[in-house]
Amino acid sequence: MALSGIEIYKLLPKTNCKECGFPTCMAFGLKLSAKQVELSACPYVSEEAKAQLAASSEPPVRLVTLKSNGHKVEVGNEVVLYRHEKTFYNKPGFFFRVKDSDGEATIKAKVKEIDAYTVNYVGIDLVVDGFAVNDTAGDSAKFTAAVKAVRAESQKPLILISADTTILEAGLKAIEGETALVYAATAENWEAMAELAKTYKASLVVKADTLEEMADLTQKLKDKGAKDLVLAPSGRDFSKTLLQNTIIRRMALAKNFRPLGFPIINFPCDAEKAETEVALAAQAVAKYAGFIVMENFSPETIYPLLVLRENIYTDPQKPIQVQPGLYEINDPTPETPVLVTTNFSITYFSVANEVESSGQPGWLLVSDAEGMSVLTAWAAGNFDAEQIAKDVKRFEVASKATSKVLVLPGHVAVLSGELEEELPDWEIKVGPRESVDLPAYLKEAV
Amino acid sequence: MTLEFPKDKWSGKVQEVVIGATAEDGGTRTSTVTVGGESTMPFIHYEAETPHRPVLALEIRDSKPNDWSEILFETWGDAMEDPAQWAKAAEEAGAELLLLGLNLEQPDGTPNTPEAAVNATKAVLGATGLPLMISGPGQAEIDNELIVPVADACRGERVVLGICEDKNYRTIAAAAMANNHLVIGRAPMDVNLSKQLNILLKDTGLPFDRILMDPTTGALGYGIEYGFSVMERLRLAALRGDAMTQSPMVVEVGFETWKTKESKVGEDVPESWGEWKERAITWETITAITLIEAGADIVVLRHPESLKRVRAAIDNLVEAPELA
């Protein structure tokens with residue numbers, strides 16, 4: 001059974017050496033009990049303590065890391081079934097599949113486009129994580145050529161797919177020094193796959209028709225020394241994938257069942273239609289996948305998927321905030337009024353979205369209200385006349401919106417008197433209470 | 001190795017709700033929909049079966065709206081000029097349920113009137129046999145002014161009247177009571193507020209099997225994670241036996257996604273956003289699928305292609321797979 005932070009602390013060296021990256025042994029012990037770190041981060045732990053802690057210190061879903069030149073994808077280490085219970089930690093990696101039979105020119109063109117893809121969402125640049133190279137010809141030379149073709153255009157981590165260990169080995173040789181993911185160990189080839197994974201320090205996908213067979217296989221592989229495993233359940237549709245992923249996550253968390261305590265890889269790429277592939281990928285994001293292998297790339301479908309991943313993996317314990325500052329919407333001019341709101345992300349998006357869709361220009365002053373919504377921040381004293389006046393000065397609003405008209409959210413109309421005192425040369429107006437009424441308000445104001 | 005899959009033991013169950021009444025039950029609908037009844041988290045077939053599939057509704061308006069995306073204008077075309085035609089087109093597009101939204105204004109810019117709203121509702125009821133949800137424009141006084149006569153005009157049809165919010169639920173609930181209709185209550189993305197509104201609605205005397213709840217969601221990129229988690233929490237609370245969270249959940253995915261810039265705007269957007277129409281449909285589709293997997297019972301969409309794609313996912317999700 002899992003030990004508490006205190007119980008773990010008693011087994012630690014209690015020297016507070018900080019080498020694990022935490023300030024005290026107690027802090028490290030608490031992280032261990034929350035299964036967010038591995039015991040190996042402590043260089044001084046005794047053998048005896050190790051044995052006692054081994055069972056409780058491993059995260060219920062093992063952390064698997066893929067590495068290539070300058071890139072890293074980490075998945076696993078998850079501790080909850082529902083994100084509101086804590087948070088989902090490691091975003092699933094999106095990997096795009098190429099087949100060696102496609103030929104080098106086609107592979108290079110596809111990889112180049114995907115590698116270069118980046119899209120900005122609320123100030124974050126979202127990108128795709130890597131590529132999967134699929135042996136379809138049964139030819140080591142062809143496979144190696146495909147791996148090299150990918151490497152010519154991208155340095156992102158790779159998944160190598162083949163049933164043949166000789167072919168996989170040829171591919172692994174072409175990317176020596178990297179930590180790749182190899183697909184897949186099965187009931188037939190697991191011993192050779194375990195050797196291969198160990199020799200090339202690769203992570204290994206385990207493939208089986210049923211979860212029972214999968215659990216048997218992971219045990220055997222672990223005994224052979226292959227520890228960085230990834231589970232490939234057999235489902236390719238919505239229903240079966242959802243159930244298999246859910247059962248795996250539940251077994252790992254609720255029952256602390258080690259044989260299924262690994263990240264999951266899903267293959268939306270096997271869907272017949274591109275639109276189904278996208279929908280399956282969306283399900284995989286919300287429902288427990290660690291790696292998501294895709295076939296068809298287009299900006300209009302990968303953008304929503306990357307945004308979904310960002311949203312679902314947002315930490316619900318922290319109110320998400322946007323950067324305080326002066327935002328421009330629909331090309332405002334110096335005469336355009338300044339709308340004030342807070343930096344709670346949902347508040348910001350509601351207001352920005354309404355102004356944007358209204359087609360009317362606006363300056364949006366996002367005040368630093370510690371990530372709270374308008375009324376909450378006002379009640380907590382984080383959104384008052386003083387704070388707004390401070391931000392007006394800090395972001396030099398008067399230099400851009402020279403007509404100096406400032407619109408308060410209707411909910412805090414009460415601040416207008418004080419604000420007039422704080423900003424004597426500004427005209428203070430009171431806007432609507434709800435952002436949905438902003439378009440009508442702006443239309444009238446113009 | 002034989003595995004025993006971990007099962008949650010739930011004591012509660014989502015309320016079953018029937019929308020629409022056929023001639024047999026005093027209405028004129030040719031079909032009805034039944035939602036709710038779940039006793040597991042969504043589609044966990046090995047715990048219990050999914051008694052009713054999530055229902056897909058399309059949103060139409062009593063007159064052509066002026067603020068919808070160009071893509072939607074193109075899709076529905078002239079049908080948008082006439083609510084009866086629009087209702088027929090939506091039925092042909094595969095809707096199982098219609099949401100008739102009453103606009104604030106008539107096409108000529110004058111305020112909407114009870115007469116116009118009643119005429120539109122009657123036209124829609126005459127044009128299609130589908131069950132109906134009817135919502136006001138979302139301003140308390142006007143909602144009451146329009147919804148009450150509409151409720152009278154379609155007495156016995158078991159339509160869903162909306163939107164009840166904490167400050168504005170009594171009139172609509174009374175209109176539902178008097179005419180054998182249902183209501184939908186909407187709270188702003190908060191488990192406790194949803195629950196509280198359900199308590200208020202129940203206190204009006206409305207039977208619990210005539211209440212639906214809209215927990216409110218954000219679109220993908222605009223707060224979907226809040227909607228997603230609130231819905232998961234409401235469903236978990238319902239399964240744990242908290243009676244006032246056991247109403248089936250409705251989400252207006254079409255309304256939320258089609259007002260985002262990604263769906264509404266085709267020009268002067270980053271190249272990395274890709275092709276407009278496919279992006280907009282994907283936005284609506286994956287918002288819907290994500291929320292269905294968090295427990296949505298009714299999803300209101302705006303584009304027929306999204307409906308087709310979401311339905312394909314639902315067709316598969318409701319089938320219990322072979323796990324052995």
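What kind of unit do β16(A), helix α16 (residues 416-422) of chain A and β17(A) make?

Modeller: Happy to. First, the ground rules: this is a predicted model, in which local features need pLDDT of at least 70 and side-chain atom pairs count only at pLDDT 80 or more, while totals for chains, interfaces and linings use all residues. Residues are numbered from 1 along each chain as its sequence is written, chains are lettered from A and ligands numbered from 1 in the order in which they are written, and side-chain values use heavy atoms, with hydrogens and water left out.

Now your question: β16(A), α16(A) and β17(A) form a right-handed β-α-β unit. Right-handed here means that, with the strands pointing away from the viewer, the path from the first strand over the helix to the second runs clockwise. The helices and strands are DSSP runs (H or I, at least four residues, for helices; E, at least two, for strands), numbered from the N terminus.

The two strands of this unit are also partners: β16 (residues 405-408) of chain A and β17(A) run parallel and share 4 bridges. Two strands count as paired if DSSP finds at least two bridges between them. Among the bridges here, A:L406 has A:I428 of β17(A) as its partner.

The pair belongs to an open sheet of 5 strands in chain A, ordered β13-β15-β14-β16-β17, with mixed pairing. Its edges are β13 (325-329) and β17 (427-430) of chain A, each pairing on one side only. From one strand to the next, the twist averages 30°. Elsewhere in the sheet, strand β14 (residues 338-342) and strand β15 (residues 362-367) of chain A are parallel and joined by 5 bridges, one of the pairings being A:T342 with A:S367 of β15(A).

Helix α12 (residues 345-358) of chain A holds A:S345. That serine is buried, with a relative accessible area of 2%; buried means under 20%, exposed over 50% and partly exposed in between, using a 1.4 Å probe and protein chains only. Apart from neighbours within four places in sequence, A:S345 is in contact with A:I320, A:Q321, A:V322 and B:Y226, where contact means heavy atoms within 4.5 Å.

Another right-handed β-α-β unit in chain A is made by β6(A), helix α5 (residues 140-153) and strand β7 (residues 158-161). Because 5 of the 5 residues of β6 (residues 130-134) of chain A are buried, this strand is largely enclosed by the rest of the structure. A:G130, A:A132 and A:N134 point one way from β6(A), and A:F131 and A:V133 the other way. β6(A) pairs in the parallel sense with β7(A) over 4 bridges, and A:F131 stands opposite A:L158 there. Strand β3 (residues 93-99) of chain A is also parallel to β6(A), over 5 bridges, and A:V98 has A:V133 of β6(A) as a bridge partner.

The helix of that unit has a packing partner. Two packed helices are described by the angle between their axes and the distance between the axes. The axes of α4 (residues 104-116) of chain A and α5(A) come within 8 Å and cross at roughly 35°; axes are lines fitted to C-alpha atoms, for helices over the stretch in contact, with angles from 0 to 180 degrees between N-to-C directions. Residues making the contact include A:I107 and A:V111 of α4(A) and A:A145 and A:A149 of α5(A).

Strand β7 (residues 182-186) of chain B is parallel to β8(B), with 4 bridges joining them, and B:R186 has B:D214 as its bridge partner. B:I211 and B:M213 point one way from β8 (residues 211-214) of chain B and B:L212 and B:D214 the other, and all are buried.

To zoom out, chain A has 17 helices and 17 strands, and 57% of its 446 residues count as buried. Along its principal axes, its C-alpha trace spans about 80 × 60 × 35 Å.
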